[in-house]
Amino acid sequence: MKDAFGAPQSLLVLGGTSEIALATARRLIALRTRTVRLAGRPSPALDAAAAELRARGADVRTVDFDALDSGSHEAVLGEVFAEGDVDMVLLAFGIAGDQERDEEEPLSAVRVAQTNYTGAVSAGLVCAGALQAQGHGSLVVLSSVAGERVRRADFIYGSSKAGLDTFAQGLGDALHDTGVHVMVVRPGLVRPGTAPDDTTGTAGTGETAGETVAEPAAEPVAVAAVTGITEQAGAAGSGSGARGGAQAGASRTGLPRIGMPRAGAPWIGAPRVEAARLAAARFAAAPLEASSLTTTPDAVAEAIVAGLRRRSETVWVPGSLRAVMSALRHVPRPLFRRLPL
């Protein structure tokens with residue numbers, strides 16, 4: 001049960017190496033959270049994260065969890081809830097993918113969708129049912145501003161986050177008045193923190209199946225902060241959607257690229273990508289801290305804790321993104337296509 005100050009005493013993290021999730025766990029432990037379960041694929045990073053939180057005074061255990069293995073979710077997560085009530089579940093796994101590769105290799109795109117959406121639907125429903133059965137608890141879902149208005153440059157990742165976001169909203173409506181609180185968190189561009197590397201866990205910045213990462217942080221494009229771009233850690237690539245490597249007009253599979261005339265003319269999005277790269281060059285020298293639309297894992301964690309206290313349904317990080325995305329949502333599609341996003 002939550003304590004007298006509303007802080008959860010027990011926490012289950014799905015995506016146990018996510019920088020955002022670990023930053024949140026640290027804050028909650030400081031507020032008297034005593035039981036933490038880190039779920040993710042077995043890895044040195046997951047073990048290191050558990051050891052660090054354990055050193056802060058919490059009872060921490062790792063749980064072997066794979067976002068892509070939906071068939072195991074009910075059994076694996078059921079065992080966690082069988083140990084005792086869980087006050088808070090933080091769903092923080094996902095992967096950014098690589099837009100260029102994913103367009104050319106549909107199975108790679110499917111993996112992004114299955115991890116970010118299908119895996120989250122499965123795990124989310126299992127946890128929601130368990131929380132409802134115990135009669136209390138919070139389910140916090142890490143979404144992304146990238147799902148608010150999907151851009152051509154990362155529409156595969158963005159569409160998976162859009163699906164996750166609407167799923168979580170609907171789940172929150174379904175659980176209204178049951179004692180279970182669902183909160184959707186929409187971070188913008190997340191600058192890397194100093195927490196243990198998250199690429200071997202579940203969701204946050206460029207995750208991999210069954211692991212977490214922080215939201216895909218990519219190039220410091222001028223519009224990155226309002227499009228939810230984050231940096232892809234590890235071997236998965238940047239997830240920024242910028243085309244590179246292969247010669248313009250030719251995909252690795254030899255088939256025409258999406259949005260590409262068969263005659264082999266340059267990719268139709270190339271001018272926008274080049275404009276973004278030029279903007280990145282202009283802004284690269286300036287510290288990311290200068291942008292009021294960027295954030296950090298610690299700032300997201302702080303917003304999550306504050307949102308829990310207020311029982312918010314939606315949290316934007318930073319809060320100024322709410323107004324920015326409200327404007328972008330209403331930009332007509334013909335104009336939106338011409339923006340260097």
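These are my notebook entries on a predicted model of a protein.

**Entry 1: Ground rules**

I number residues from 1 along each chain as its sequence is written, and I use heavy atoms for side-chain values, leaving out hydrogens and water. Because the model is predicted, local features need pLDDT of at least 70 and side-chain atom pairs count only at pLDDT 80 or more, whereas totals for chains, interfaces and linings use all residues.

**Entry 2: The whole protein**

I looked up the secondary structure and found 10 helices and 9 strands. Helices (H or I, at least four residues) and strands (E, at least two) are DSSP runs, numbered from the N terminus. Of the 341 residues, 56% count as buried; buried means under 20% relative accessible area, exposed over 50%, and partly exposed in between, with a 1.4 Å probe and protein chains only. The protein exposes about 13900 Å², an area that comes from the Shrake-Rupley method with a 1.4 Å probe. Carbon and sulfur atoms supply 57% of that area. I then turned to contacts (heavy atoms within 4.5 Å). Among contacts with a separation of 6 or more, residues 24 or more positions apart account for 73%.

**Entry 3: The sheet**

In what order do the strands of the open sheet lie? I read E3-E2-E1-E4-E5-E6-E9, which is 7 strands with parallel pairing; two strands pair if DSSP finds at least two bridges between them. E3 and strand E9 (314–317) are the edge strands, each pairing on one side only. From one strand to the next, the twist averages 15°. Angles run from 0 to 180 degrees between N-to-C directions, and axes are lines fitted to C-alpha atoms, for helices over the stretch in contact.

I next examined strand E1 (residues 10–14), which runs parallel to E2 and is joined to E2 by 5 bridges. Val 13 stands opposite Leu 38 in E2. Helix H2 packs on the sheet, touching E2 and E3, and its direction makes about 165° with that of E3.

**Entry 4: Helix H2**

I checked the length of H2 (residues 44–55): its 12 residues should span 16 Å at 1.5 Å a residue, and the end C-alpha atoms are 16 Å apart, which agrees. The expected span is 1.5 Å times one less than the number of residues. Which residues of H2 are buried? They are Ala 45, Leu 46, Ala 49, Ala 50 and Leu 53. They lie on the same side of H2 because they cover an arc of only 140° around the axis; the arc is that of the directions from the helix axis to the C-beta atoms. An α-helix has 3.6 residues a turn, so residues three or four places apart point the same way. On the other side of H2, Pro 44 and Ala 55 are exposed. The buried residues pack against helix H1 (19–30), strand E2 (35–40) and strand E3 (59–64).

**Entry 5: Helix H3**

I repeated the exercise for H3 (residues 70–82), whose buried residues include Val 76, Leu 77 and Phe 81. The cover of the buried residues of H3 includes E1, E2, E3, E4 and helix H5 (106–134). Gly 71, Glu 74, Glu 79 and Ala 82 are exposed on the other side of H3.

**Entry 6: Asp 59**

Finally, I located Asp 59 in strand E3. Asp 59 is partly exposed, with a relative accessible area of 42%. Leaving aside neighbours within four places in sequence, I found Asp 59 in contact with Arg 34, Thr 35, Val 36 and Arg 37. Arg 34 is 25 residues from Asp 59 along the chain, yet their C-alpha atoms are separated by 5.9 Å.
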